Amino acid sequence: MEFDQKEETPFNIPEKKKTNKKTLAIYIGAGLITISSLIFGYASYQATYFKDLEIKNLKAQLDDANTKLQRIDILENQVKELEASLVAKSTAKSPAIKKTKVLSKKETKKVVPSKKAAKKTKPSKAKEKKPIKKVS
């Protein structure tokens, strides 16, 4: 069955009524309210999403920092135990070994030049200027 253009349309098209300005204003107002509420809702959703994401990142950083601090505490305790064991070993050794350690420390002492040697190395201004003797 073909549609013949000459026949009347099978749909009933109602006649156009004049639109009332009040109803048009109401529709526009309702549309603006719904659009603005949708925009506000989406913005608040995005804000909470990014806040939650930031909170998760901060918690992860905090956990990492806590594990590092725990590792540092463990290492500090190990250092203290090693120092204590070294002190215990050094006190357990004989006093003759202590004397040799003390002597070796004294031998490695730095030599500081005496004041006379330091004066000799500096150019003396006293030779350039002749001292004036006062006759009393």
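Student: Which residues form one aromatic cluster in this predicted model?
Tutor: Two aromatic pairs are counted in the chain. Tyr45 pairs with Tyr49, and Tyr49 also pairs with Phe50. The one aromatic cluster therefore consists of rings whose centres lie within 6.5 Å in each pair, and its members are Tyr45, Tyr49 and Phe50.

Student: Is the pair of Tyr45 and Tyr49 stacked or edge-to-face?
Tutor: A pair of aromatic rings is described by the distance of the centres and the angle of the planes. For Tyr45 and Tyr49 the centres are 6.4 Å apart and the angle between the planes is 25°. Planes under 30 degrees apart count as stacked, so the pair of Tyr45 and Tyr49 is stacked.

Student: How many residues apart are Tyr45 and Tyr49 in helix H1?
Tutor: Tyr49 is found in helix H1, which covers residues 21-92. Tyr45 and Tyr49 are separated by about one helical turn because their spacing in helix H1 is four residues.

Student: What is the angle between the planes of Tyr49 and Phe50?
Tutor: The ring centres of Tyr49 and Phe50 are 5.5 Å apart. Planes over 60 degrees apart count as edge-to-face. The pair of Tyr49 and Phe50 is edge-to-face, with an angle of 70°.

Student: What accessible area do Tyr42, Tyr45, Tyr49, Phe50 and Leu53 have together?
Tutor: These residues, Tyr42, Tyr45, Tyr49, Phe50 and Leu53, form a nonpolar patch on the surface. Their accessible area together is about 570 Å².

Student: What percentage of the residues of the chain count as buried?
Tutor: The chain has four helices and zero strands, in the pattern α-α-α-α along the sequence. Its accessible surface comes to about 14,800 Å², with 63% belonging to carbon and sulfur atoms. Buried means under 20% relative accessible area. Of the 136 residues, the share that counts as buried is 0%.

Definitions and conventions:
Residues numbered from 1 in each chain as written. Predicted model: local features only at pLDDT ≥ 70, side-chain atom pairs only at ≥ 80, totals over all residues. Heavy atoms only, no water. Patch = residues over 30% accessible without salt bridge, like charges linked within 9 Å, V, L, I, M, F, W, Y side chains within 5 Å. Areas by Shrake-Rupley, 256 points an atom, 1.4 Å probe, with all protein chains shown as cover. Salt bridge = Lys/Arg side-chain N within 4 Å of Asp/Glu carboxyl O. Helix = DSSP H or I, 4+ residues; strand = E, 2+ residues; numbered from the N terminus. Buried < 20%, exposed > 50% of the residue type's maximum accessible area, 1.4 Å probe, protein only. Phe/Tyr/Trp six-rings, centres within 6.5 Å; stacked < 30°, edge-to-face > 60°.
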